[in-house]
Amino acid sequence: MKISSISDVHVVNDKDDRAKVLKSFLTNEIVLSSDYVIFLGDVFDCLVGERPEQLKEYEEIFKLVEKILKNQSCKFIFIEGNHDFHVQNIMENKFSKYRNFFYRKKGLSLNVDKRKIYYCHGDDIEIGNPSYQLFRKIIRQDLVKYFFTCLYSLEKLTFLKKKIAKKSIKYFGEYSKKEESFLKEKFRGSAQLISEEYGFDAVVCGHSHIEDHLSGANFDYVNNGFSRVSKKFVLFDSGKFSLVSLL
């Protein structure tokens, strides 16, 4: 069994430098031969609300996704992040003719090669950040979905998207050594706690933007970091994990 996953690319449109990373992932020979291809959240930057017009920014990327979906033996899974959510209807409509496209609001547990693996964005398992967990709960409400879909104009949504993208270019991946060490240990701890609670022996996620692979005798935690910087994705093949370089 071969599973390829990527998170935190934060693509704004299919012409930016982040899109190059994602296109490299979607055309990689390893990915194209995978049994599962998984978007682990924040693959897109500020894709929120059921407005199909938003998808025009990513037509080249979606054509590559469709090529993967044409291989009926491969399952393609889209897991929400905190930058791309409330888009289930437009994504499922986009790929409605493919029965191997799956949208997930939460993480996914897979039992493969005698291993129980949890794939998620990572913000749902983060410990020690109650204010963010409250914020996450609020933005997942139907009222927020209605606001971005029906009340917030497309022009304002585009403005917000550009503002968030500008901020992310400046900040993401630029942690101090102290911040990076703290976040790495926190997410390792978060992954270990959820694995103990639900019996997972591996957790694959993103969100922290810290590249990491903690490998033990009975447990793996893998995170490809901020893909624009790391230019890597997570591969599970024949029972083992690795971080594979792109571009």
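This is a predicted model: local features need pLDDT of at least 70, side-chain atom pairs count only at pLDDT 80 or more; totals for chains, interfaces and linings use all residues.
Residues are numbered from 1 along each chain as its sequence is written. Local features need pLDDT of at least 70 and side-chain atom pairs pLDDT 80 or more, while totals for chains, interfaces and linings use all residues; side-chain values use heavy atoms, with hydrogens and water left out.

View 1. Rings of Phe, Tyr and Trp (its six-membered ring) pair if their centres lie within 6.5 Å; planes under 30 degrees apart are stacked, over 60 edge-to-face, and the rest tilted. That rule gives 16 aromatic pairs. Tyr 58 is buried at 0% relative accessibility (buried is under 20% relative accessible area, exposed over 50%, partly exposed in between; 1.4 Å probe, protein chains only). Phe 62 is buried too, at 3%.

**View 2. Phe 95 and Phe 101 make a tilted pair.** Here the ring centres sit 4.9 Å apart and the planes are at 40°. Both residues are buried. Ring pairs tie them into a cluster whose members include Phe 39, Phe 44, Phe 76, Phe 78 and Tyr 103.

**View 3. Arg 140 puts its charged end over Phe 85.** The distance to the ring centre is 4.9 Å. To count, NZ of Lys or CZ of Arg must be within 6 Å of the ring centre and within 35 degrees of the ring normal.

**View 4. Cysteines, but zero disulfides.** A disulfide needs two cysteine sulfur atoms within 2.5 Å. Buried Cys 74, at 1% relative accessibility, has its closest cysteine sulfur 20 Å away in Cys 120, so a bond is out of reach. For Cys 120, the closest is Cys 205 at 4.9 Å, also too far.
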